[in-house]
Amino acid sequence: MNVISDLADFTLRQAESAQRGVGSLFESRLRLGVTGLNRAGKTVFITSLLANLLERGRMTLLSAEGERRIEAAMLRPQPDPEIPRFEFEEHLAALSGSDPHWPDSTRRISEVRLSLRYQRTGFFGGLTESITGPGILHLDIVDYPGEWLLDLPLLNQNWASWSAEALAAARLPERAAFSGPFLAWADALPEESPVDEMVAKEGARLFAAYLVAARGAGLTAVSPGRFLMPGDLEGSPALTFAPIAGSGGLAGLMADRFEAYKRVVVKPFFRDHFTKIDRQVVLVDALDAIDAGPRAIGDLRKALTDILSCFRHGENGWLAPLMGRRIERLLFAATKVDHIHHSQHDRLEAILRALLRESVEKAAYNGAKVEAMALASLRATVEQTVTEGGESLDCVRGRDPETGAEVAVFPGTLPADPGEIVKAAHDREAGWLSEDYQFMRFAPPVLTGRSGYGPPHLRLDKAAEFLIGDRLT
Ligand SMILES: Nc1nc2c(ncn2[C@@H]2O[C@H](COP(=O)(O)OP(=O)(O)OP(=O)(O)O)[C@@H](O)[C@H]2O)c(=O)[nH]1
Ligand SMILES: [Mg+2]
């Protein structure tokens with residue numbers, strides 16, 4: 001796929017618009033936050049959104065494109081020189097090569113700017129009479145490791161509440177398989193154990209090993225995030241702590257470090273990046289959690305509720321007013337919907353809404369428009385109806401990630417009543433009562449690279465319309 005290169009550079013725009021005698025140039029900027037827990041699909045979403053905004057053949061639900069008002073789109077130098085550039089070209093090449101593969105898990109923050117030149121419409125009246133001249137929208141998007149988002153709720157906690165909650169979580173039955181060595185260490189500590197760096201280090205190591213294993217088993221409410229993705233903080237004191245009982249001696253040292261973690265790691269990240277965001281998309285891999293069972297759903301719901309409570313306006317100290325004031329639109333998107341047949345898409349959307357209901361209802365988003373939908377950033381499957389024993393099954397067919405061979409899978413049927421899923425999660429049931437779901441992972445499709453068309457997707461244009469459509473009028 002070629003990045004559009006033959007269009008007039010935007011630096012010519014003023015001369016151009018003056019020459020054409022059209023109305024004055026209107027230039028604006030929109031900062032889009034793409035968040036989601038780890039592996040939710042952020043990097044693929046950003047890559048496909050950019051590729052599909054550059055080559056817009058599949059973006060007809062974006063009204064400016066449907067009305068043929070987008071004149072040009074190109075990647076431009078980003079506004080923040082200190083942040084690495086999002087590796088769009090590398091990610092797109094990985095997805096669209098002859099042996100397509102998914103991008104690696106993100107290890108650091110990055111940013112990208114895409115600028116769109118479009119014909120503005122008047123606020124009132126018919127389209128043709130009311131065109132008022134070109135506008136430019138600079139869309140800035142930030143990508144970062146999903147693990148870091150899990151730190152946001154820590155800002156609402158102090159040492160006593162966090163350590164008690166983290167120890168209780170480690171004792172949950174579904175975590176016993178991972179947390180054993182850490183809990184054995186924590187439980188063996190004498191009361192008021194003295195400050196000892198080597199003991200602190202051992203505790204932090206066991207705690208991190210438990211978090212990594214729990215995350216590996218599909219649990220999402222696993223934090224602090226830098227224990228999973230330390231980046232250049234590996235081995236630093238701000239990462240050398242673990243939840244233990246008490247407040248003096250070793251616990252006092254741990255408490256200081258917990259506070260240091262919040263101060264030097266969490267706060268700057270959210271202050272520098274989150275608080276500047278105008279619109280936000282929260283990607284949720286609900287299918288993966290459904291696949292892993294009711295407890296994973298419960299875990300996902302808890303993680304979402306904790307994170308969303310931080311978006312609430314006016315309640316949570318310094319962060320909430322900053323975030324709540326700015327965010328104008330909030331989209332929740334269940335990703336990878338190409339894993340299931342389209343007859344099931346509405347059900348997945350209903351499940352997402354049910355999972356979010358409590359937190360969205362509780363949260364006053366200060367007038368922000370909130371929407372939920374199911375999408376696939378990069379459609380890796382086609383649909384196929386297979387007849388088996390006289391019964392027809394709605395299957396999806398895609399490439400096996402191991403062999404690359406085409407396989408058809410019947411992913412199961414999601415319940416018509418999303419309450420069933422939420423209730424099973426709430427009751428912490430070990431497995432689903434009625435159905436088993438089988439969502440296979442697929443390799444990315446081999447793309448044909450049709451000129452003028454970005455990668456295939458499902459409803460990415462609808463998501464784009466909600467997120468930026470009104471800023472292209
Ligand atoms: N079938 C399908 N799979 C997808 C899609 N988007 C993401 N995936 C799968 O989900 C995985 C994770 O996607 P990423 O975009 O890397 O997720 P992320 O949120 O950036 O993950 P981290 O960087 O680890 O936080 C990919 O490797 C794919 O296996 C999609 O639209 N369709
Ligand atoms: Mg990523």
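Predicted model: local features only at pLDDT ≥ 70, side-chain atom pairs only at ≥ 80, totals over all residues.

Residues are numbered from 1 along each chain as its sequence is written, chains are lettered from A and ligands numbered from 1 in the order in which they are written, and side-chain values use heavy atoms, with hydrogens and water left out.

Ligand 1 is surrounded by 20 residues, the closest being Lys42, Thr43, Ser105, Thr106 and Lys336, where a residue counts if one of its heavy atoms lies within 4 Å. By class, this shell comprises seven nonpolar, eight polar and five charged residues, with Asp, Glu, Lys and Arg taken as charged, Ala, Val, Leu, Ile, Met, Phe, Trp, Tyr, Cys and Pro as nonpolar, and the others, Gly among them, as polar.

Among the polar contacts (pairs of N or O atoms within 3.5 Å), a polar side-chain atom of Lys336 lies 2.8 Å from an oxygen atom of ligand 1, and a polar backbone atom of Leu378 is 2.9 Å from an oxygen atom of the ligand. His339 places a polar side-chain atom 3.3 Å from a nitrogen atom of ligand 1. Of the 660 Å² that ligand 1 exposes when taken alone, the protein buries 97%, by the Shrake-Rupley method with a 1.4 Å probe.

Across the whole structure, 17 aromatic pairs are found, with ring centres within 6.5 Å. One of them, Trp162 with Phe258, is stacked, at 4.8 Å centre to centre and 15° between the planes, where stacked denotes planes under 30 degrees apart.

How values were computed. Polar contact = N/O pair within 3.5 Å; in protein donor to acceptor, adjacent residues only side chain to side chain. Phe/Tyr/Trp six-rings, centres within 6.5 Å; stacked < 30°, edge-to-face > 60°.
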